[in-house]
Amino acid sequence: MEPGFWHKKWDAQQIGFHQNEVNPLLIKYWPRLKLSPSTSSTVFVPLCGKTLDICFLAELGHEVIGCELNATAVEHFFTENDLSYSTTPVGELQKFVTEQVSIFQGDLFSLSPELLSGQEAQGVDAFYDRAALIAWPEEMRRDYVEKLAALIPPKSIGLLITLDYPQEALKGPPFAVSNDWVVSNMDEYFEIELLACEDVLNENPRFIKKEVPWLTESVYRLVRKGEYSAAISS
């Protein structure tokens, strides 16, 4: 979606995609990533909004780096969680920082691996995507996958959550992302393991109201393949 779409959503507080609690699938499946408990891992959360999932990850001892387009969303994350913060302009982005959490405010495509991980390209260990992949219409989704792959180093482990339903039944976002799409478009960059696929139609009144016939939510464990390639970072 174009940036103006999301800015209008936040300005009008039409943020049904925001959850007022930590995502239960994150709580259930994050341990399946088997990150080392002896060291603090750095977790990247793209299109993070003001999600409480960031707080959950930080409470586990992780350093969390988010990226969010809308400034209001970022400011609300810090104020609603009573977190003091500092801000620094970094190129086209604004960096908000508090203990254990940093959020780059601006266009994800302006973020580079160097900014994400400092001067050390191996700084990111893991990533978490609940609302990023499903926020992109199909014609823009592949570009996001390539950007995500460019931002994180090989062996980074991720948790991906998607929704799937008959796209013609409802205008996204969130957009339908099938298992076939994930495998066909992400296998080049990631090892993919489907951890769960559940029927969640009864938990989503908006979809029932629009008479969407079925709705599934899937959870994947992803591992970044191969060597980092600067060719896909631009």
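Predicted model: local features only at pLDDT ≥ 70, side-chain atom pairs only at ≥ 80, totals over all residues.
Trainee: Why is Asn23 called buried?

Mentor: The cut-off for buried is under 20% relative accessible area, and Asn23 has a relative accessible area of 2%, so Asn23 is classed as buried. Asn23 is found in the loop between helix 1 (3–11) and helix 2 (24–29).

Trainee: Which residues does Asn23 touch, leaving aside residues up to four places away in sequence?

Mentor: Asn23 touches Asp53, Tyr128, Arg130 and Ile161, where contact requires heavy atoms within 4.5 Å.

Trainee: What makes strand 5 largely enclosed by the rest of the structure?

Mentor: Five of the five residues of strand 5 (residues 101–105) are buried, and therefore the strand is largely enclosed by the rest of the structure. Val101, Ile103 and Gln105 point one way from strand 5, while Ser102 and Phe104 point the other way, and all are buried. In a regular strand the side chains alternate between the two faces of the sheet.

Trainee: How do you know that strand 2 and strand 5 pair, and in which sense do they run?

Mentor: Pairing requires at least two bridges between two strands, and five bridges join strand 2 (residues 63–68) to strand 5, so the two strands count as paired; they run parallel. The bridge partner of Ile65 in strand 5 is Ser102.

Trainee: How is strand 4 joined to strand 5?

Mentor: Strand 4 (residues 93–98) runs antiparallel to strand 5, and five bridges join them, with Val101 in strand 5 as the bridge partner of Thr98. Strand 4 and strand 5 form a hairpin with two residues between them, and Gln100 in the turn has a positive phi of about 75°.

Trainee: In what order do the nine strands of the open sheet lie, and which are the edge strands?

Mentor: The nine strands form an open sheet in the order 3-4-5-2-1-6-7-9-8, with mixed pairing. Strand 3 (86–90) and strand 8 (190–199) are the edge strands, as each pairs on one side only. Neighbouring strands of this sheet are turned by 20° against each other on average, direction ignored.

Trainee: How does strand 8 pair with strand 9, and what lies across them?

Mentor: Strand 8 and strand 9 (residues 216–224) pair in the antiparallel sense over nine bridges, and in strand 9 the bridge partner of Ala196 is Val219. Helix 7 (residues 179–186) lies across strand 7 (157–164), strand 8 and strand 9, and runs at about 170° to strand 8.

Terms used. Residues numbered from 1 in each chain as written. Heavy atoms only, no water. Buried < 20%, exposed > 50% of the residue type's maximum accessible area, 1.4 Å probe, protein only. Helix = DSSP H or I, 4+ residues; strand = E, 2+ residues; numbered from the N terminus. Axes fitted to C-alpha atoms, helices over the stretch in contact; angles between N-to-C directions.
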